[in-house]
Amino acid sequence: MASKTTLNAKNLEALGAERLAQLLIEVSTGNAAAKRKLRLALAGAQSPREAAREITKRLTSIARARSFITWKNRKALVTDLETQRRAIVEQIAPADTDEALALMWRFMALATPVFERCDDSSGTVIGIFHQACADLGQLAAKVRPVPQALAGTVLDAVQDNGYGQYDGLIGIMAPALGDEGLAALKSMAEDLGRSPVPVPPKDQWKAVGWGPGGTTYEHEMRARERTSTVAMALKDIADAQGDVDGFIAQYDPKTRKVPQIAAEIAQRLLAAGRAGEALGFLERAELGDGLRVPLAWQDVRLQTLEALGRGEEAQAFRWDCFERTLSGSYLRAYLKRLPDFDDIEAEERAMAHAMAYPSLLHALQFFLDWPALDRAAELLVARHDEIDGDHYEYLAPAAEALSERHPLAATLVFRAMIDFTLTRSRAKRYRYAAEHLVSCSRLARDILDFGAFETHDAYVPRLKEEHGRKFGFWSLTAA
């Protein structure tokens with residue numbers, strides 16, 4: 001049973017309204033965010049209209065603010081934005097959906113002025129606007145605005161998408177737009193595409209960039225932005241309408257050969273039951289040297305081959321994908337489709353291929369993920385001279401995973417990180433290198449035979465001889 005002093009709703013209710021009100025006043029003193037929440041709650045207690053008025057005032061205030069927001073004071077902005085968004089959804093929408101929809105559009109209009117003065121390196125702020133964009137769709141589906149009017153609003157929004165706040169808006173709004181609204185939006189977008197950006201007199205051209213092609217002027221940049229916006233809008237509209245050919249039409253023949261684009265086209269054709277055409281687009285894609293084939297292209301090609309009943313060809317392609325990428329998912333899919341006992345032989349062949357794979361790190365990660373720790377240890381011992389101690393983000397977890405059953409392999413990994421750190425004088429890593437040396441000392445007790453490698457008792461003196469003047473490191477080992 002919880003103590004009566006535990007902070008929960010039931011215990012706080014026992015204090016009574018008067019005492020709670022006094023405490024809230026004390027707690028909110030000097031706390032602007034808390035005061036705004038309390039004012040919003042008081043307005044909501046009067047009526048949804050009062051709450052809406054309070055939200056509108058706050059949105060106006062945020063839009064007018066000019067101070068730059070760094071990562072240090074971003075949390076207050078995030079809290080403020082989320083408070084307003086939730087208030088629209090939770091307080092206004094249940095009583096007045098139309099008002100909530102209007103407020104949410106106004107909330108979304110904050111994105112540009114907010115991002116112009118905000119460091120959003122963490123992506124937290126854009127996440128709030130993406131959620132608000134999803135809220136727009138839900139509210140619009142309930143309000144059912146006039147399709148033509150909603151189409152115009154949506155087109156205006158996607159033209160003001162400089163920070164990606166309206167990404168996916170057309171698909172989100174598709175249920176509310178309906179067939180009529182989507183058709184209207186398509187017509188409006190096409191009209192926009194045919195409408196030229198005004199070109200000012202030459203003496204008024206404003207340079208905004210320079211490059212190998214010469215000077216870029218503001219009106220030229222706006223024309224390119226409009227072309228891009230219209231193309232993206234028409235692609236999203238085609239998707240919402242299930243119009244595969246309309247989607248394809250937005251790409252010129254050369255662009256359709258880009259592997260990622262070919263995969264997107266093929267995925268839509270496959271969903272429309274046009275597998276033969278899908279394969280054609282995939283096979284016309286220009287894959288270059290074939291070493292960096294997008295995963296999306298590979299996956300769609302496999303799906304297409306299966307849809308066409310070309311199972312043997314799909315199996316051969318799965319093996320090819322595994323050989324190039326060491327992807328465990330492709331190997332598992334390949335083995336799953338083999339007869340009993342054939343899969344054992346194929347798995348052994350895959351392990352041998354991974355052992356000889358050019359990238360040691362890729363091979364190591366494959367064995368760890370499979371998992372095949374014995375193979376990982378064998379790989380590290382056999383190719384120890386290839387271990388690059390700079391890649392601690394891969395090597396440290398590998399050493400820990402191998403420590404219990406494969407102490408020699410783990411030791412070689414720890415030593416590689418220690419040697420790199422000291423040879424390159426990476427002082428910021430000294431603490432970790434010292435910890436690795438302690439781990440080596442502990443593992444040495446479990447290694448019965450170092451084979452061709454230095455024993456720990458030989459390794460440490462050599463390390464001191466070569467790096468004895470790095471006192472910052474050695475002081476940490478003595479601690």
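Student: How is the chain divided into domains?
Tutor: Into domain 1 (310-354) and domain 2 (357-478), with bounds from an automatic or database domain assignment. This is a predicted model, where local features need pLDDT of at least 70 and side-chain atom pairs count only at pLDDT 80 or more, while totals for chains, interfaces and linings use all residues. Residues are numbered from 1 along each chain as its sequence is written, and side-chain values use heavy atoms, leaving out hydrogens and water.

Student: Which residues in domain 1 lose the most area to domain 2?
Tutor: Leu-326, Met-351 and Ala-354, which together make up 51% of what that side buries.

Student: Switching to charges, how many salt bridges are found across the interface?
Tutor: The rule finds 1 between domain 1 and domain 2; it asks for a side-chain nitrogen of Lys or Arg within 4 Å of a carboxyl oxygen of Asp or Glu.

Student: What about Glu-348, which residue does it form a salt bridge with?
Tutor: Glu-348 pairs with Arg-375, and their closest N and O atoms are 2.4 Å apart.

Technical notes
Buried area is the accessible area (1.4 Å probe) that two parts lose on being put together, summed over both.
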